[in-house]
Amino acid sequence: MTTTIRPVRTKRDLKTFITCTRHIYRDDPNWIQPLTLERLDALQAHKNPYFNHAEVAFWLAERNGHVVGRVSAQSDRLAQDRYGTDLAHFGFFEAEDFETARALMETAEAWARQRGLTRVQGPWSLSANEQAGLLVDGFNTPPVFMMPHGRPDYDGWLKDLGYGEARDMLAYELDLHPGFPEKTHRIVKLARRNKRLNVRELDMKHFDRDLALIMDIFNEAWSDNWGYVPFTEEEAAHAAKALKPIVKPYRTMIAEVDGEPAAFMVTIPDVNHKIRDLNGKLTPIGLAKLLWRLILSGREDRMRVPLMGVRKAYQRGPIGAALAIWMISDSRDNVVDRGATFGELGWILEDNDGMNKILTDIGCKPYKTYRVYEKGLA
């Protein structure tokens, strides 16, 4: 049977692009369907400021009247400024079989060639600041909020299509109940005694001010990391609007050195765990369930650290390590007091030796690996 690739042109097409994963993952007990409303907010140009610096195309694969795959292609000017004007991205890759995968990737590659782009890299969905990489290890547990899932076949299919590994990224799990090793407690105690250092909670009365501090630290701290693309002011505001309902001061930390912001850490609930039974649909009953689970109950359960950064001046020294461990410790204590049992920290580049060591030293274990691929176009 012939596979047809067609572009996403309408809002109805975009909804199909979002919801086709229900069919693709119909036999995967770990799949969690994202909320369609949330995904529409991320994938429409008039809502997501990412589109202000990127050209984006979406496609659906159809066979015998059924959607059997999807993919996107992006030409991101901010990424090209850092990594070369010949760079294209792909994202949102899903396919039922290899022939569908081939047809989708050939379509994305042709789109890139038409724009004079000679390298394709991904999956970035849409960028490193959103969902990044393809799951290649850790299929036996569900994805946490803002992290991708995948099928075990995908890695081999992309390699067969000429894509090589560009970089691997790790996600760590942490059992929150046992507490940290004694060495960790000693580091935190010493840091607390240092009058130059301080860790404070996010001030919700000055949310915009503290958000600006966090974004400033992030853009500096991550600027040398592979794959990094800066948040624009508009993107930061968009992300803040989306995350503000689930941000809590007791798990959003800003660390200071001599009164100046030097590091931050954001911990959020694993929203995926709270929407798993909604199947992507936010009905009135589903909305009531979600509000209770996220806001009204006051209970935590599964957590994720999606953002963390230390200014460059402190990244390779004891002050930076102490601030990171102090923030993790305070956040861990605060969420455990409210019932949390599980934490995920990531993603972390495989060669970020400093952060990987900090996490393993406090008892975190790598449990998922995500891969970004790259291919040169002839």
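This is a predicted model: local features need pLDDT of at least 70, side-chain atom pairs count only at pLDDT 80 or more; totals for chains, interfaces and linings use all residues.
Q: What makes the nonpolar surface patch, and which helix gives the most to it?
A: Leu37, Leu282, Leu287, Leu291, Trp292, Ile295 and Leu296 form the patch, which covers about 670 Å². Helix α11 (residues 284-296) is the main contributor, with five residues.

Q: Why is Asp270 called buried?
A: A residue counts as buried under 20% relative accessible area. The value for Asp270 is 2%, so Asp270 is buried. This aspartate lies in the loop between β12 (260-269) and α10. Beyond its neighbours within four places in sequence, Asp270 is in contact with Pro143, Val144, Phe145, Arg302 and Met303.

Q: How do you know that Ile18 is buried, and what does it touch?
A: With the limit for buried at under 20%, the 3% relative accessible area of Ile18 makes it buried. Ile18 belongs to helix α1. Not counting residues up to four places away in sequence, Ile18 touches Gln33, Thr36, Arg39, Leu40, Leu43 and Arg70. For Leu40, 22 residues apart from Ile18 along the chain, the separation of the two C-alpha atoms is 8.0 Å.

Q: Which residues have the most contacts inside the largest nonpolar core?
A: They are Leu43, Phe58 and Phe93, in a core of 47 residues. Elements that each supply at least two residues of this core include α1 (11-19), α3 (36-43), β2 (54-63), β4 (87-95) and α5 (98-114). Helix α5 gives the most, with seven residues. As a general point, nonpolar side chains tend to be buried together in soluble globular proteins.

Q: What is Phe93 in contact with, leaving aside its neighbours within four places in sequence?
A: Its partners are Arg70, Val71, Ala101, Met105, Tyr154 and Leu158. There is also a second, separate core, which has 44 residues, among them Leu135, Met215, Val247 and Ile268.

Q: Why do the buried residues of α14 line one face of the helix?
A: The buried residues in α14 (residues 353-361) are Met355, Asn356, Ile358 and Leu359. Viewed along the axis of α14, they fall within an arc of 160 degrees, so they line one face.

Q: What do the buried residues of α14 pack against?
A: They pack against β9 (164-175), β13 (302-310), α13 (318-336) and β14 (342-349). Just after α14 comes Gly363, with a positive phi of about 105 degrees.

Q: What makes Arg167 and Asp351 a salt bridge?
A: The rule asks for a side-chain nitrogen of Lys or Arg within 4 Å of a carboxyl oxygen of Asp or Glu. Here the closest N and O atoms are 2.9 Å apart, and the pair forms a salt bridge. Arg167 is in strand β9 and Asp351 in the loop between β14 and α14, so the bridge ties together parts 184 residues apart in sequence.

Q: Buried or partly exposed: which label goes to Arg167, and which to Asp351?
A: Arg167 has a relative accessible area of 19%, so it is buried. Asp351 reaches 43%, so it counts as partly exposed.

Conventions: Residues are numbered from 1 along each chain as its sequence is written. Side-chain values use heavy atoms; hydrogens and water are left out. Patches are made of residues with over 30% relative accessible area and no salt bridge: like charges are joined within 9 Å, nonpolar side chains (Val, Leu, Ile, Met, Phe, Trp, Tyr) within 5 Å. Accessible areas come from the Shrake-Rupley method with a 1.4 Å probe; for residues, only the protein chains shown count as cover. Helices (H or I, at least four residues) and strands (E, at least two) are DSSP runs, numbered from the N terminus. Buried means under 20% relative accessible area, exposed over 50%, partly exposed in between (1.4 Å probe, protein chains only). The arc is that of the directions from the helix axis to the C-beta atoms. Contact means heavy atoms within 4.5 Å. A nonpolar core is a set of buried Ala, Val, Leu, Ile, Met, Phe, Trp, Tyr and Cys residues joined through side-chain atoms within 4.5 Å.
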